[in-house]
Amino acid sequence: MDPLSTLWETFFDTDSMREALPEMLTVGLPNTLILAVSAALLGSLLGMLLAIAGISRTRWLRWPARVYTDVFRGLPAAATILLIGVGLAPLGMEIWGPNPYPLGILALSLIAAAYIGEIFRAGIQSVEVAQLEGARALGFSWGEAMRLVIVPQGVRRVLPAWVNQLIALIKDSSLVYFLGLLASQRELFRIGQDYAANTGNQSALLLAGLFYLALTVPLTHAVNWIDRRLRQGRTVTVHPDDDGGPAALAGESALPRPNPTRKDPR
Amino acid sequence: MTATATTTSVSLGVRDVHLAFGANRVLRGADLDVAFGATACVIGPSGSGKSTLLRTINRLIEPDSGDVLLDGRSVLRDDPDALRQRIGMVFQQFNLFPHMSVLRNITLALRKLKKLSEDEAVQLARAQLDLVGLAAKADSRPAHLSGGQQQRVAIARALALQPQIMLFDEATSALDPELVKGVLALMADLSAGGMTMVVVTHEMGFARSVADTVAFMDHGVVLEAGEPAAIFEAPEHPRLRRFLSQVL
C-alpha cells in the first residue's frame, strides 16, 4: 500500500468512525457538554465574585482575589486538574463517593473562574464613574447600583472575551480524563482515544476533533457576531434634533407643580 | 399633572462647608441659602468648587465639616440613600443608563426604590415623559436620542421620584447650542412651578431671568450672593466684577 493511502486510512477510515460515532453521540458529547456548561456556570459565578473582590476597597478582599487569579491562571490546566482531582479525592469520597466527575467540574470551574474574573473585572472597570454617580444620585445603594447598572453594562462589554473563555473551557474539558472516568462518564476526547488505542487507527480521534470543531467554530462566529452588534450598538446615528425645543414646551406650563403657592409671579 | 402633584419643596441651607481632597482644598467654608420653592443659580469660574458644592448637598461627596439643612434640619446624619431619593440631580453628561430603554431608565428607581408595581411605574414614567415632550421616545435607547432629548429624559427620571429639591450640574454645558434652549425652557418651567432648585450654570441669561438668587463662587467659597439684578448690575466683589466682565 502506498504511504498516502496509509495516511488516509489512519485518519479517515470511515468504518472506524462509524463504529465510534454512536458512543460519541450518546456518551461523549453529553459529557463534554455537561462538563463545559456546568464549569461555565460555576466558573462565571466564582469569576463574578473574584471580579467584585478584585475592585473592592477592602484589601482583605482584593488581595486574596489577586493571589487566586495569579495561581490559577499561572498553573497549567492539566496540573490544576490533577491537583484538585487527586488532592481532593478523599474529600470527594466523603461527599459523593468514589466519583472523579464532580472534581473534574470543580477543577475546570476554578480554572475558568480565574480567567473569567479578570474578564469581568476589566469590563466592570471600563464603565464610566458617571454611571455609578447617576445611579447613586437616584438613591441606589452601592450594591444596588453595581447590580442594576454597572455590572450589566460591564459584562455586556466583555461578552466576546467571555465566549472565548467558553471555547477554552470546551477544549480543556478533554483533560478531565486524567482523573480516570467511568465508561459512562467519558467525554469526546477520551472515547476517541480509547477507540484509537484499541484499533491502532486514529480516525475515531479525528472524529472527536470534528465534534470539538462543531462546538467551538460556531461559538467563534458567535463572538464575532456579538462583537459586531455591540460595536454597531455604540455608533448609533444621532438624529438631528427633532426636539421641538421651547416651542413644544411653551403653552401651558408643561411641568409638575410641586407647590402651587409660589412666591411672586415672574 | 396628577402623577407628580404630591411633592412639596423644601428650603435648603448650606453652612460653612469645608472639603479637601488631600492638599487640594476644594470647599473653604461655602454657604448657600435657597428659600422654599426658590431657584438659586451658582456661577463662577471653572474649578471654583461649584459642582463639588452641589455634590455635598446630596452627599455624593461627604463634606469634611459644615452642615447641610433641608427645611432647617441637618441631613448629614440621615441615611444617604434615602436622602438622595428626596433630592433629584441632573448631570452635565446626563448619566442615563445606556443599556436600558428610556422608559426603563425612569421606571428602574420607581420599581426598585419606591417599590411601585411594574404597571404603576410604567404609568408614572410615561406621564413624566409626556411632560417633557418625549412620550414617543419611551422605547428608544438613550444613544438614539439627541443630547437635548437625553437631558430631558434625565430630568424626567429625576422628577419621577418626586424630589423635594432639584440639583442641576451644568445641565446644558454638553449640549449643542441649538439644543440648549429646550432644556433651559424646561428648567425655567420647573422653577416657575415652585420646585426648589440649585442650578450650577454658565448660562448667564438663564441666571438673570430665572434665578431668585445668584451665588458667585470662587476658590471654594460663595463670595457674593443676591438677587440677579444686584449681582449682574451692581456687583461688589472685584473678583465677581472681573468674572462678569469676562463672561458677559
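Two strands pair if DSSP finds at least two bridges between them. Helices (H or I, at least four residues) and strands (E, at least two) are DSSP runs, numbered from the N terminus. This is a predicted model: local features need pLDDT of at least 70, side-chain atom pairs count only at pLDDT 80 or more, and totals for chains, interfaces and linings use all residues. Residues are numbered from 1 along each chain as its sequence is written, while chains are lettered from A and ligands numbered from 1 in the order in which they are written.

**View 1. An open sheet in chain B has four strands.** Their order is E2-E1-E4-E5, with antiparallel pairing. E2 (24–34) and E5 (73–74) of chain B are the edge strands; each has a single partner strand, so one side of each has no neighbour in the sheet.

**View 2. Strands E1 and E2 of chain B run antiparallel.** Eight bridges join E1 (residues 12–21) to E2(B). Here B:Gly13 sits opposite B:Asp33 of E2(B). Helix H1 (residues 50–57) of chain B packs on the sheet and touches E1, E2 and E4 (65–70). The direction of H1 makes about 115° with that of E1(B) (axes are lines fitted to C-alpha atoms, for helices over the stretch in contact; angles run from 0 to 180 degrees between N-to-C directions).

**View 3. A:Ala51 lies in helix H2 (residues 14–54) of chain A.** A:Ala51 is buried (20 or more other C-beta atoms within 10 Å, placed from the backbone), because 27 lie within that distance. Beyond its neighbours within four places in sequence, A:Ala51 contacts A:Gly117, A:Phe120, A:Arg121 and A:Ile124 (contact: C-beta atoms, placed from the backbone, within 7 Å). The C-alpha atoms of A:Ala51 and A:Ile116 are 8.3 Å apart.

Definitions and conventions:
Two residues are in contact if their C-beta atoms, placed from the backbone, lie within 7 Å. A residue is buried if 20 or more other C-beta atoms lie within 10 Å of its own, exposed if 12 or fewer, and partly exposed in between; C-beta atoms are placed from the backbone.
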